[in-house]
Amino acid sequence: MVLSETENGRSGGEEETDAIVKTCVLSGFSESSEVTTLISSLVEVHEDQRVREIVMQRFSVIMNGYQEQPHLLDPHLERMMKMLLDLVRSENSPPSLVHLSFKCLYIICKVRGYKTFMQLFPHEVADVQPVLELMSRQDPEDLQTWETRYMLLLWLSMTCLIPFDLSRLDGHLESDGGKPRESTMYRILTVAKVTVSSGNSPNLCRLITHRFMTRPDVKQKCLADFLDWSLTTVSQTDDHSVRDIMALDGVLQSLVNIYTWGWDSIDSPTVLQCLEQKRLSESSEAKPRKLAVKLIQRLGLTFLKPRLASWRYQRGSRSLAANLSMSQPVSDTAPVSEPDTREQDDYDIPEEVETVIETLLVGLKDKETNVRWSAAKGIGRVTGRLPKELADEVVGSVLECFSFQEMDNAWHGGCLALAELGRRGLLLPSRLTDVVPLIIKSLTYEEKRGACSVGSNVRDAACYVCWSFARAYEPKELTPFVTQIASALLITTLFDRNINCRRAASAAFQENVGRQGTFPHGIDILTAADYFAVGNLSNCYLTISVIRELASEALHNLTPQAPDYMATQVLPQLLTMATGPDLHGRHGAIMACGEVTHALYELRQVFLMCRGFGGALMRPAICSLIGKLSLSKMPFKNDPIISKYSLISDKPTLVLQAAVVSALSALCEEYYQDQTGQADPQMQDALVSQYIGGLKSPQTLTRSGSALALSCLPTFMIRGKFKQVGCLFSNTFMIMSQMEGNFTEARRDAVRAITLVCVKAGVCAHGRPDSTLCSNNIADVYGVLLSCLNDYTTDSRGDVGAWVREAAVTALMELTMLVARDAPEILSPDLVKPMMCCLAQQMAEKIDRYRAHAGNAFLHLLHSTKPAVPHIPHREELETLTSLNWNAPSQAFKYIAQLLGLPEYRYHTLLGLSVSVGGLTESTGHFSSQALFDFLRGIQRDEAALEQFGETLLRIFRDSLHSSRVSTPLLKTLSQMLANSCFEIFATQEDHHFGLDLLNLCKECRKSKDVVKLRACIDAFCGLIQFQGEVRKKVWSQLLMLLCHQFPVIRKATSSEVYEMLLTYDDAVCPEVLDDVMTLLSDTNCDLATVRAHRNQLCDWLGVPRPRPVPIIRL
């Protein structure tokens, strides 16, 4: 095996680990020697089940590795088979070894394929009897040895190829006891019957019947017996028994194979009569119906002369050499030379052929695709041997499948049959006038069934018909139908909902362009709408075409190409559909009317149907129509219906919200504004009051939708209402945060709405609070947005509060830049400082995407010069950095850790870093902790700086004591700091206040029921053991109490962590009792009673008072 490696390195000097892509390419059977060893070891391991399974597992793994390139095994197959067959043939081999050998043979056969592998079996005369003897010893009911029976049957099928009469192998048919012995032929026949009746493997049925039943000597002596047995089995099987169905499948498969490989028609009427009586076409199982159709068509061929129809249509010559040698084109319908077996069409057709054709026509309407496909091929085979007049009648019967009284199955079967007839030259050009219109209808066939529709299979088969016609007929035959076929195929290629139909139509179009050469603009169309381009639905509808929503947009794109046609023909049809009874038709028509009127600017009347049944589907379509009418500047101003448009959003849904938001702005701009640019007072009050009332609704979707609606109102609609809207936004956001903690989308939409309203209202330092953003209300707006940066809501989707934080970061950046440009004097330090600190916290947290978003916003505000943002703390120190890849933790945290040295940023930066260091993401935790410890090493000897850092850390701990989101990773961060001796300067001092304060905070965390938090608390306690004096005694007291915690996992973790802690800090215990303490800790089990006794012993050794149980006082 050769291993190839390809490395995709990153440019630009990034420090991230390069991605390595490994691909395996097999160059040979490198495990040949190992496989030989495994086969040789079968003799020793076949009795030991454990070793046997190990050997077989390894053998299977090696062989399965060559599934993709099985040909590499070919030079070694004969050697492996010889080794295994030697074990099988050996008289000393027990049955278990024989079965194991055949199992190995099956594994090899499965990988290489039975057709190739079976040819290596020895098939001389001397091999027949041994194989039969082995076969007779097998138990057909034993499920453990099925591989043995499978391989013996393959071997037996190969021995049936010997050219001698099987009776010569019998010798004297008397055994030693004087009883007659069964002949070899009948023994194989018995095996064949058992194999066929089991129905387990169609391949075995085909091989046995093909190799054995078609032998001349077997035909003479055993065919009648096998036929009687087969017909008896067919007539006696029960459709409700699984075993009988499998037997029926095997028998039918064997009969199909026999008739496929040639059998005269002597017994064909008997078999046909048996099948008619069995009525297999009514069976509930698909496979018997398919096999019955295959058998009946083979029976039909036996009633007809084996010849090619002289009347069939032929395009050119069937010989490539003849085509190349001819200097002139072949006559369109000139027949090529055929064998001498061709005769005149003047012989009588047996009556049974009519039954065969009728059965095949019924099969074209079967509910299963594979049955219809088999029937279509049967129609083509049988028709090819009929006289011209009878064949034309068959074509007429096939065309009857295209009646609108038939189901989609009949249409599909009819298309498949026409394709087969055309491909075989049996559909004469004179019939094309009848066939082509039906195929055009099939290309657009669709039948509604309840809430869905069927017909994609019909359209796909119709494309196959067009494809076959392109190969079957000369261009001049199809010239009268080119326009119809090309247009229908192009429409299917572009607008069919089903991707398979679009690709099939594209393939058929391409075949016609290449072989017929008469399709207009064929190459240009294929270049834009090739097989792969039509796979994307949106690209197909909207890009290539220059489900209803996409279709309406496609009509918008097509309108400029034929505006008169769209206005005079398409729009009247759409208006009729818009008032029709069909819900889906009304929905699509309303949307299409909007799109077309937007392109035409000419629509006079639309009837709105958005009430009653289907209103939820119709209302978004109506909103889309309103938006397009507004953009089209329809003369509806002051029309009474305009005043009702704002009421469409009375029933909240997410789809309706999006539709209202997209249409409302255009509606206001066109119809609710007077000539002076001012809002219509009546409509302004109505709209703003309606949406402000929606902000107070108890329904979350209504509040969210009202916020989005207010945000999309034009500036003139907000003028004079800003204070009312802004204050209500602030109050509503607080209510949403308290009542709907899990509906994060509503809070995100509210943040976006606040931003848009402020931007539209504008900024004026001394403006009125009800009209613009000014010094009197800016603090309230910033307060709401800064509070959004503390939204850490989580649900089953993860940290969904990040959506709100991301929107708040964007809002703060946009509003700050707006205020800095128009009124920088109202940006006070009390606004800028907390904003920059909160952004620093966000860009220090663990999620790459949101860290990058906050970091980019931070740098944008920092480096902005036109306008410049005033009052940014430590601007000079921060401006040294101009660009950074925030998505790469290795780069981002190096810069973030520098903020710890700036007092204004230290608290928020350390808060974000603590969450990242103690988080679960390995890369984020690694680079964030590395940056943090690098900073701490820089101040480790500066007691004053370290004191400030420690105070900030304790303040974060106190503020987040009851927040598991912060406290748990903070405990993990603390344990890492203590393990790296970051506070060694404090630990050497007796009873330093930092150690005492940290211990008291950790004691509060010990009361938690969260296992993860408790384990982090244990690590922190173990790190605090390095502090001297009273701190150490209190730490021991806390650890010994955790040693008897109610959770067994905490008791076990405490024992393990304390043991490891003593290995590191051996001075924490007196040397005299150190060995005893460690021995007791290593022997402590999780049983609470035992642990308490050990805990008390540890207390005595360590000089710590024993914990006393606190009595529970019941009131």
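1. The model is predicted; local features need pLDDT of at least 70, side-chain atom pairs count only at pLDDT 80 or more, and totals for chains, interfaces and linings use all residues. Residues are numbered from 1 along each chain as its sequence is written, and side-chain values use heavy atoms, with hydrogens and water left out.

2. The protein chain contains 53 helices and four strands (DSSP runs numbered from the N terminus: H or I of at least four residues for helices, E of at least two for strands). Of its 1115 residues, 51% are buried (under 20% relative accessible area; exposed is over 50%, partly exposed in between; 1.4 Å probe, protein chains only).

3. The accessible surface of the protein chain is about 52,800 Å², and carbon and sulfur atoms account for 52% of that (Shrake-Rupley method, 1.4 Å probe).

4. Glu276, Glu351, Glu354 and Glu358 form a negative surface patch (residues with over 30% relative accessible area and no salt bridge, like charges joined within 9 Å; a salt bridge is a side-chain nitrogen of Lys or Arg within 4 Å of a carboxyl oxygen of Asp or Glu). Helix α16 (residues 351-363) supplies the largest share of the patch, three residues.

5. Glu276 lies in helix α13 (residues 268-278). Its relative accessible area is 42%, so Glu276 is classed as partly exposed.

6. Arg875 belongs to helix α41 (residues 875-878). Arg875 counts as buried because its relative accessibility is 17%. Leaving aside residues up to four places away in sequence, Arg875 touches Leu862, Val869 and Pro870 (contact: heavy atoms within 4.5 Å).

Methods. Patch = residues over 30% accessible without salt bridge, like charges linked within 9 Å, V, L, I, M, F, W, Y side chains within 5 Å. Lys, Arg positive; Asp, Glu negative; His and termini not counted. Charge placed at Lys NZ, Arg CZ, Asp CG, Glu CD.
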